[in-house]
Amino acid sequence: MSTPTGHDQAHDDQAHRGQTHHGHGTDHGDIDWEAMAAHLEREAELRVPFVEEAVAWLRGLLLEGGCGPGTASRLLDVGCGPGVFTVLLARGFPQAEVVAADGEPELLARVRDRAEREGVAANVTTRQAQLPDDLGELGSADLIWTSNVIHHLGDQQAALDALAQAVRPGGLLAVVERGLSPRCLPRDIGLGRPGLLSRVEAANEERFTAMREALAGHARVVEDWPAMLARAGLVPAGTRTFLTDLPAPLDTTARAHLHDRLSRARETLGEWLSPEDTSTLDTLLDDDDPQGVLRRPDAFYLTATTVHAGRA
Ligand SMILES: C[S@@+](CC[C@H](N)C(=O)[O-])C[C@H]1O[C@@H](n2cnc3c(N)ncnc32)[C@H](O)[C@@H]1O
């Protein structure tokens, strides 16, 4: 299965329909953020193990930089979404204040609810911020985590430059972008032409490029994240890729996520997919069909997410 950005990002582009020349937030009322929020939350929950591993890695890197988990006092989660990862950061750095910033008040409310439920509310605060305009207003931090957000900003290098300014000496900027797109079905699924999901992935890349090109202030850059971090004035501290590997048979939650992703592909990739592939997607999305993704035994979820870290 494919996404435009490596992370489960088919939703990103769909979420941003109609707001391409504006900031994120109040000026894109066509987005059903409630529906999107639930999707973001479920997707992030599937990835909790990867983020736990990544946080452990970052804790080690901070120690090497002379800023241990016990001394890190302020963390930023920029573009935090519903806060699944914010809470994991708060757990990894129990002494620190974790500031979750996002353009969407509704998502920030979810962050607060989650922090309360998970017992870390005392450490988590939320901040509404429109990016890139508010990048300079977030304050400094020992660790800035930003997951699948930078690609929503027209000038990705400028965004990294601004974030790098906010990293305290010895601290880290950790950028999650790309990796390997999720896979969820065999090459030949016994329906339509084999290789459907590779074609969906290619279509998503086209749509992702179109999405980026329509962003305000779009600036094309070689997406070499370590080099971009270095250009922002940071010392590359490492790049690691983490697997999320849920083998078949999947549980109901993971299946629901796949159904959601394929639905979004069906809705948004029509112009790039053949009628045959569209029809195959319809069968995969049929809740009652034994060949549908909610029922077939061979559905799995496998993806790799890359984290790039730069040190101030
Ligand atoms: C794909 S979600 C990622 C959420 C979370 N970081 C994760 O990895 O699960 C992108 C998030 O960035 C936020 N976002 C995107 N563009 C933004 C902008 N220009 N200003 C503020 N927030 C933005 C969205 O509201 C959304 O919560």
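Q: Is Cys80 buried or exposed?
A: In this predicted model, Cys80 has a relative accessible area of 8%. Buried means under 20%, exposed means over 50%, and partly exposed lies in between (1.4 Å probe, protein chains only). With its 8%, Cys80 is therefore buried.

Q: From which number are the residues counted along each chain?
A: Local features of this predicted model need pLDDT of at least 70, side-chain atom pairs count only at pLDDT 80 or more, and totals for chains, interfaces and linings use all residues. Side-chain values use heavy atoms, leaving out hydrogens and water, and residues follow each chain as its sequence is written, numbered from 1.

Q: How many disulfides does the structure hold?
A: A disulfide here is a pair of cysteine sulfur atoms within 2.5 Å. Cys184 is buried, at a relative accessible area of 0%, and Cys80 is buried too, at 8%. For the structure, the number of disulfides is zero.

Q: Why does the pair of Phe50 and Phe242 get its name, and what is that name?
A: Rings of Phe, Tyr and Trp (its six-membered ring) pair if their centres lie within 6.5 Å, and planes under 30 degrees apart are stacked, over 60 edge-to-face and the rest tilted. Four aromatic pairs turn up in the whole structure. In this one, the ring centres are 5.8 Å apart and the planes stand at 35°, so the pair is tilted.

Q: How many residues apart are Phe50 and Phe242?
A: Phe50 is buried, with a relative accessible area of 1%, and Phe242 is buried with 1%. Helices (H or I, at least four residues) and strands (E, at least two) are DSSP runs numbered from the N terminus. Phe50 belongs to helix 3 (residues 48-64) and Phe242 to strand 6 (residues 235-246), so the pair links distant parts of the chain: definition aside, the separation is 192 residues.

Q: Which ring does the charged end of Arg59 sit over?
A: A charge sits over a ring if NZ of Lys or CZ of Arg is within 6 Å of the ring centre and within 35 degrees of the ring normal. Arg178 lies over the face of Phe208, at 5.2 Å from the ring centre. For Arg59, the distance to the ring centre is 6.0 Å, and the ring is that of Phe93.

Q: Which helix does Thr86 lie in?
A: Thr86 is buried, with a relative accessible area of 0%. Leaving aside neighbours within four places in sequence, the contacts of Thr86 (heavy atoms within 4.5 Å) are Asp77, Cys80, Val98, Ala100, Val111 and Val124. Thr86 lies in residues 84-92, that is, in helix 4.

Q: How far apart are the C-alpha atoms of Gly195 and Asp277?
A: Gly195 is found in the loop between strand 5 (167-183) and helix 7. At 14% relative accessibility, Gly195 counts as buried. Gly195 and Asp277 are 82 residues apart along the chain, and their C-alpha atoms are separated by 9.7 Å.
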